[in-house]
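Work through the exercises below with the sequence and the model side by side. Try each task before reading its solution.

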Amino acid sequence: MAAHFDVIIIGSGAGGATLAQRLAPTGKSILILERGEHLPREAENWDSKAVFIEHRYRTKEHWYDKRDRPFTPNTHYWVGGNTSFYGAALMRLRGRDFEEVRHAGGVSPAWPIRLAEFAPYYAEAETLWQVHGARGEDPTEEGTEPPYAHPAIRNDPGVEELRSHWLNQGWRPFSLPLGVKLDAAHPLTSPCIKCKTCGGYPCLLKAKSDARSLAVEPILDLPNVTLLTGRKVLRLETDPSGKSVTEVVCAAEHGEERWSGDIVALAAGAANSAAILLNSAGPAHPNGLANGSDQVGRNYMFHTLTAMVSLTAAPVDVTFPKTQAVNDFYFNDPRGGFDTPMGHIQLLEYMSGRPWRARCRTGCRRPWCPTPSPARWPSGCCPCW
Ligand SMILES: Cc1cc2nc3c(=O)[nH]c(=O)nc-3n(C[C@H](O)[C@H](O)[C@H](O)COP(=O)(O)OP(=O)(O)OC[C@H]3O[C@@H](n4cnc5c(N)ncnc54)[C@H](O)[C@@H]3O)c2cc1C
Ligand code: SF4
């Protein structure tokens, strides 16, 4: 195999795979280097014990927090990256997100680019990722977005009831944009069956809009595309100026490999892309590659979220609850009193007792809690999520 390609893409997740499928029709020679393997299709894909308690598909590696304490991150190294496990909620950023934003905890500076530069790519991505949604419901929309190619997913009766409560309070709930291959008009042949094991699980039916099924697998037979799995990229080597990548160095089962490309795209995820850049320090860039700002790897952010659980006397009629969201408080509280962003509210996916137990570190012995150990209530329970 040639060691030189027109394009080398590191990582086959949302970013790398989308780029690869977009470039594949150009005929350019493309090499995708992926540290993971193909995700097995097996019964455990939809087994809550295997997924949430045994963490069958998560990386076993340790990362270290700011106090040097090890932890196992909720990240997955497989072809398709984290998208095989994601919740498929596919939101756009808003124009104001790119401007300077004053938050309760400090000021987020303006981006050097604006939404208008992203907008055409959002439109393309929403088509590729088969997003279902409805325009005109979310009050934070710009009003210039093209319609979704697929209709919003219908609410289960329990969600419809909750939506009516929200409307009664004057909120403006909207259909959560979701990337699933659902053909509601033809349920017998629809790839997606709206099952109870979606967010957090790989889709056994490959009906979730994930990078492996939408972007990687459709291009694998093309003669100009090569995917090498089990290739962990270690560092990028550059010419003496430090401006041009000359070789991509990776670890393979049989030892070190070196590849070169006219263009090298680094799409190994937020933490690993930064790690590769920092590991690529050289005489021309002693703090790591592309790190003139000294900010590479310093501002990693994962979802900051609170899960709220509501207990009802009567059973709630729902199997696929993640269809509604509220953005009324996204920029501030419109009724006054809190003038900084408060975030986005979204229904979570269906959760059986097992994922609940896996996340609860206290156990409260309440009838609805399956964890059998003594506990503190209420302060020690839900905050552990
Ligand atoms: C449980 C869960 C739920 C989520 N839900 C949502 C949601 O509902 N909506 C949403 O928008 N986002 C969601 N996300 C986040 C979303 O999955 C990520 O933002 C997205 O996948 C990031 O894309 P990426 O290409 O940057 O990285 P990834 O998808 O992580 O892909 C990176 C790829 O690079 C590979 N790689 C890493 N290091 C190396 C290396 N050194 N050499 C070679 N290859 C390497 C990895 O194996 C992986 O395949 C969720 C994530 C998780 C874990
Ligand atoms: S069948 Fe539909 S709801 Fe179930 S995991 Fe697949 S995409 Fe998600």
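**Exercise 1. Sort the residues of the shell around ligand 1 into nonpolar, polar and charged.**

Solution. The shell divides into 13 nonpolar, 15 polar and four charged residues. Here Ala, Val, Leu, Ile, Met, Phe, Trp, Tyr, Cys and Pro count as nonpolar, Asp, Glu, Lys and Arg as charged, and the others, Gly among them, as polar. Next, take the whole shell: 32 residues surround ligand 1, and the closest are Gly11, Gly13, Gly15, Gly81 and Gly87. A residue is near a molecule if its C-beta atom, placed from the backbone, lies within 6 Å of it. Then look at the elements: α1 (14-23), β11 (232-238) and α6 (270-279) each give two or more residues to this shell. Helices (H or I, at least four residues) and strands (E, at least two) are DSSP runs, numbered from the N terminus. The largest share, three residues, comes from α1.

A word on conventions. This is a predicted model: local features need pLDDT of at least 70, side-chain atom pairs count only at pLDDT 80 or more, and totals for chains, interfaces and linings use all residues. Residues are numbered from 1 along each chain as its sequence is written, while chains are lettered from A and ligands numbered from 1 in the order in which they are written.

**Exercise 2. Find which residues surround ligand 2, and classify them.**

Solution. Start with the list: Val180, Cys192, Ile193, Lys194, Cys195, Thr197, Cys198, Cys203, Leu205, Ala207 and Lys208. Now classify: eight are nonpolar, one is polar and two are charged.

Lys206 is found in the loop between β9 (178-179) and α5 (211-216). Its phi is positive, about 50 degrees, although Lys206 is not a glycine.

**Exercise 3. Decide how well α1 is covered, and by what.**

Solution. First the cut-offs. A residue is buried if 20 or more other C-beta atoms lie within 10 Å of its own, exposed if 12 or fewer, and partly exposed in between; C-beta atoms are placed from the backbone. Eight of the ten residues of α1 are buried, so the helix is mostly covered. The buried ones are Ala14, Gly15, Gly16, Ala17, Thr18, Leu19, Ala20 and Gln21. Their cover includes β1 (4-10), β2 (30-33), α3 (115-128), α5, β10 (225-228) and β13 (255-266).

**Exercise 4. Follow the side chains along β10, then find its link to β2.**

Solution. In a regular strand the side chains alternate between the two faces of the sheet. Along β10, Val225 and Leu227 point to one face and are buried. Four bridges join β10 to β2, and the two run parallel. Leu33 stands opposite Leu228.

**Exercise 5. Are His55, Asn291 and Arg335 buried, partly exposed or exposed?**

Solution. Take them in turn.

- His55 has 14 other C-beta atoms within 10 Å, so it is partly exposed. His55 lies in the loop between α2 (48-53) and β3 (63-64).
- Asn291 has 18 C-beta neighbours inside 10 Å, so it is partly exposed. Asn291 lies in the loop between α6 and β14.
- Arg335 has 9 other C-beta atoms within 10 Å, so it is exposed. Arg335 lies in the loop between β14 and β15.

Finally, a distance: Arg335 and His55 are 43 Å apart, C-alpha to C-alpha.

**Exercise 6. Judge the confidence of the model.**

Solution. pLDDT is the predictor's confidence in each residue, from 0 to 100. The mean over the protein is 91, and 91% of its residues reach 70 or more. Over residues 372-385 the pLDDT is below 50. Where pLDDT is low, the predicted coordinates should not be read in detail.

Methods. Contact = placed C-beta atoms within 7 Å. Pairing = 2+ DSSP bridges.
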